Amino acid sequence: MRLLKFTLGSDPTPRAGCLEDGLVVPLGAGPSALSELLHAPDVAAAVQDRKRRTTERLDPAKLSILAPVDRQEIWGAGVTYERSKVARQEESEQGATFYDLVYRAPRPELFFKSTPSRVAGPSKPVRVRRDSKWSVPEPELALVLSPRLELVGYTIGNDMSARDVEGENPLYLPQAKVYDGCCGLGPVVTLSAALPKPEELAILLEIERAGRVVFEGRTSTARMARSYRELIDWLGRDNVFPDGVVLLTGTGVVPPDDFSLAHGDVVRITIEGIGTLENPVVQSDG
């Protein structure tokens, strides 16, 4: 079962829906329509109840698909894959020891990533910082959590990162990670019950430039060094999320050191069981 958030025609009211047989079943409207479903005590039952109340079916090609968040904060987990640890060490000679330690430490690296207003949905642009000359996308499985920190579903995340900013000094991590257009999410939330083996999902990253794929990489969530439950438990220590939260789980696909995103690139992230998140890249001079 896959849920999504969308608008219809010229009406700006956000709506929630369910993908079924290639069509969208509308399930409610309003700024918290999606959260009302995701945060229900029994999400599947809530969806089925809404579906029974309508016979309307919509063509997804005629909808504007939004990022599947309402008021949730977005957080990130770092150095959860061996490849990510190596990349962070390569970008920051001074911080190399810290990244090696956090990869092996009981406490994971967790950081605030984005507010909903900074998130780009499907087909909307993600941004490279105007003061960065070395930026990359980071394809990640994203955990969708209720206010009770229950894992209700999964979506695709693009954790845009300015590697040169963080590499200059690890204390610059917030500036490397958090800025307007710093995160892509979508296109749907696949409910937990509909994704039987979330620990073994294939993740594919493609970067297209001028109509040609200039980078392609793949990994699997099976290569993660930490479990989802472990990351969720640490995130919930001394933290409450009354609107729920989305947690990016880290990346295992890193473009080579001589590659940087450019204005006009297209980033495509595919995760089996969820779909494909595609975003154009922009970089302005301010």
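Five strands make up an open sheet of mixed pairing, in the order 8-18-17-14-15. Strand 8 and strand 15 are its edges; each has a single partner strand, so one side of each lacks a neighbour in the sheet. The model is a predicted one.

**The open sheet**

- Strand 18 covers residues 275-282 and pairs with strand 8 in the parallel sense, over two bridges.
- Strand 17, residues 266-271, pairs with strand 18 in the antiparallel sense, over six bridges.

- Arg-127 belongs to strand 8, which spans residues 126-127.
- Across in strand 18, Val-282 stands opposite Arg-127.
- Beyond its neighbours within four places in sequence, Arg-127 is in contact with Met-160, Tyr-179, Asp-180, Gly-181, Val-282 and Ser-284.
- With Asp-180 there is a polar approach: a polar side-chain atom of Arg-127 lies 2.9 Å from the backbone oxygen of Asp-180.
- Gly-244 is 117 residues from Arg-127 in sequence, and their C-alpha atoms are 25 Å apart.

- Strand 2 and strand 3 run antiparallel and are joined by six bridges.
- Arg-15 has Ala-29 in strand 3 as its bridge partner.
- Two residues separate the strands of this hairpin.
- Asp-21 lies in the turn, with a positive phi of about 55°.

**Helix 2 and its cover**

- Helix 2 runs over residues 43-51, and its buried residues include Val-43, Ala-46, Val-47 and Lys-51.
- These residues span an arc of only 135° around the axis, so they fall on the same side of helix 2.
- The cover over the buried residues of helix 2 includes strand 1 (2-8), strand 2 (11-20) and strand 3 (23-29).
- Helix 1 (33-38), strand 11 (151-159) and strand 13 (183-191) are also among the covering elements.
- Asp-42 caps the N-terminal end of helix 2.
- In that cap, a side-chain oxygen of Asp-42 lies 3.4 Å from the backbone nitrogen of Ala-44.

**Asn-158, a buried polar residue**

- Asn-158 is part of strand 11.
- Its relative accessibility is 0%, so Asn-158 counts as buried.
- The Asn-158 side chain reaches the backbone nitrogen of Glu-138 at 3.3 Å.
- Leaving out residues up to four places away in sequence, Asn-158 touches Val-126, Pro-137, Glu-138, Cys-182, Cys-183, Gly-184, Val-267, Ile-269 and Leu-277.

**Aromatic pairs and a charge over a ring**

- The whole structure holds four aromatic pairs.
- One of them, Trp-75 with Phe-112, is edge-to-face, at 5.9 Å centre to centre and 90° between the planes.
- Trp-75 lies in strand 5 (residues 73-78) and Phe-112 in strand 6 (residues 109-114), so this pair ties together parts 37 residues apart in sequence.
- Trp-75 counts as buried at 16% relative accessibility, while Phe-112 is partly exposed at 31%.
- The pair of Phe-215 and Phe-259 is tilted, because the ring centres are 6.3 Å apart and the planes meet at 35°.
- This pair links distant parts of the chain, 44 residues apart: Phe-215 in strand 15 (residues 212-220), and Phe-259 in the loop between strand 16 (245-248) and strand 17.
- Phe-215 is buried at 13% relative accessibility, and Phe-259 is buried at 9%.
- Trp-75, Phe-112 and Phe-241 form one aromatic cluster.
- Arg-237 lies over the face of Trp-234, 3.6 Å from the ring centre.

Note on methods:
Residues are numbered from 1 along each chain as its sequence is written. This is a predicted model: local features need pLDDT of at least 70, side-chain atom pairs count only at pLDDT 80 or more; totals for chains, interfaces and linings use all residues. Side-chain values use heavy atoms; hydrogens and water are left out. Helices (H or I, at least four residues) and strands (E, at least two) are DSSP runs, numbered from the N terminus. Contact means heavy atoms within 4.5 Å. A polar contact is a pair of N or O atoms within 3.5 Å; within protein, one must be able to donate a hydrogen and the other to accept it, and residues adjacent in sequence count only if both atoms are side-chain atoms. Two strands pair if DSSP finds at least two bridges between them. Rings of Phe, Tyr and Trp (its six-membered ring) pair if their centres lie within 6.5 Å; planes under 30 degrees apart count as stacked, over 60 as edge-to-face and the rest as tilted. Buried means under 20% relative accessible area, exposed over 50%, partly exposed in between (1.4 Å probe, protein chains only). A charge sits over a ring if NZ of Lys or CZ of Arg is within 6 Å of the ring centre and within 35 degrees of the ring normal. The arc is that of the directions from the helix axis to the C-beta atoms.
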